[in-house]
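Please keep the sequence and the structure in view while reading.

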Amino acid sequence: MKLATWNVNSLKVRLPQLLTWLAAQQPDVVFLQETKLQDGEFPKQEIAAAGYHAAFSGQKTYNGVALLTREEPTDIVFGNPLYPDEQKRLLAATVGGIFMVCAYVPNGQSVGSDKYAYKLAWLEALARWIEERIAVNPRLVVAGDFNIAPEDRDVYDADAWEGQILCSAPERAAFQRLLSLGMKDSFRLFEQPAKSFSWWDYRMLGFQKNRGLRIDHILLSDLLARHCSAAAINREQRKLDRPSDHAPVTSELAC
DNA sequence: ATGGTAGCCGCGCTA
């Protein structure tokens, strides 16, 4: 089973790229973030024609998450039941006996801001919910845009970013809390090239200079991590015309 | 150097 997560930064703009990419990569489950589409605007027909079921939770202009699945999803959950939230950032469903959680973690803007407090509260509630669910669904995936670079090696210039948003100690602790529940960062189950990133700022030639961060992740519960056979970042996608600022991240399960 | 780029029904906000 092939899993993929991708912050598309507007599904409307990225739909042609997504369809081409689906045909080329043939993932079984796709976690999308920043669709920026109200549910009535979701391109159901195009996604169905590509061979996918879709569950989605969107809003105008900001946020929005979706799950595309080869198999029909069941038990669809909109939002974290432990954290009522106007912002559409969380969607989960059972697919092939695995509980799939698609997360668009708040960016946090800057350390100490109101948005930062919201980010930490959101993450804390996510961990509490995952802790509950993993006891019931030991086959569990949390994938999405975490807006956290877990370690210094996930940052192009760790000194410049030290303590900054996406890298601060409380954010990294929140990420570790998820790992402490038995989740594994699938990308790090394998040897990977140095300076592997998943997001590059549109500004200042960020991608061309590989000034990036690895903030998009696929976390696998221990039971699934044992069967993970590969993990990668589809960096090539960022080279296309009108790219998302994020590249897709994939993991393969040999089960 | 507090810049810059992209996407949004926008006349700034978020990332």
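## The open sheet

Two strands count as paired if DSSP finds at least two bridges between them. On that basis the predicted model has an open sheet of six strands in the order 3-4-2-1-14-13, with mixed pairing. Strand 3 (53–57) and strand 13 (228–233) are the edge strands, each pairing on one side only. From one strand to the next, the twist averages 10°.

Within this sheet, strand 1 (residues 2–7) and strand 14 (residues 249–253) run antiparallel and are joined by four bridges. A4 has T250 in strand 14 as its bridge partner. Helix 1 (residues 11–25) packs on the sheet and touches strand 1, strand 2 (29–33), strand 4 (65–69) and strand 14. The direction of helix 1 makes about 160° with that of strand 1.

Strand 6 (residues 90–95) is largely enclosed by the rest of the structure, because six of its six residues are buried. In a regular strand the side chains alternate between the two faces of the sheet. Here L90, A92 and T94 point one way, while L91, A93 and V95 point the other way.

Strand 5 (residues 74–78) runs antiparallel to strand 6 and is joined to it by three bridges; F78 stands opposite L91. Strand 7 (residues 98–104) is also antiparallel to strand 6, with six bridges between them, and its M100 stands opposite A93. The hairpin of strand 6 and strand 7 has two residues between the strands, and G96 takes a positive phi near 60° there.

## Helix 3 against helix 5

Helix 3 (residues 114–136) and helix 5 (residues 169–180) pack with their axes 9 Å apart, at an angle of about 10°. Angles under 35 degrees count as roughly parallel, and the two helices are therefore roughly parallel to each other.

Helix 3 contributes residues including Y116, L120, L123 and I130 to this contact, and helix 5 contributes P170, E171, A174, R177 and L178. The residues of the contact divide into nine nonpolar, no polar and six charged.

## Cysteines

How many disulfides does the model contain? With a disulfide taken as a pair of cysteine sulfur atoms within 2.5 Å, the count comes to zero. For C102, the nearest cysteine sulfur is that of C228, 18 Å away. C102 is buried, at a relative accessible area of 0%, and C228 also counts as buried, at 11% relative accessibility.

Conventions: Residues are numbered from 1 along each chain as its sequence is written. Chains are lettered from A and ligands numbered from 1 in the order in which they are written. This is a predicted model: local features need pLDDT of at least 70, side-chain atom pairs count only at pLDDT 80 or more; totals for chains, interfaces and linings use all residues. Side-chain values use heavy atoms; hydrogens and water are left out. Buried means under 20% relative accessible area, exposed over 50%, partly exposed in between (1.4 Å probe, protein chains only). Axes are lines fitted to C-alpha atoms, for helices over the stretch in contact, and angles run from 0 to 180 degrees between N-to-C directions. Angles under 35 degrees count as roughly parallel, over 145 as roughly antiparallel, 65 to 115 as roughly perpendicular and the rest as oblique. Contact means heavy atoms within 4.5 Å. Ala, Val, Leu, Ile, Met, Phe, Trp, Tyr, Cys and Pro count as nonpolar, Asp, Glu, Lys and Arg as charged, and the others, Gly among them, as polar.
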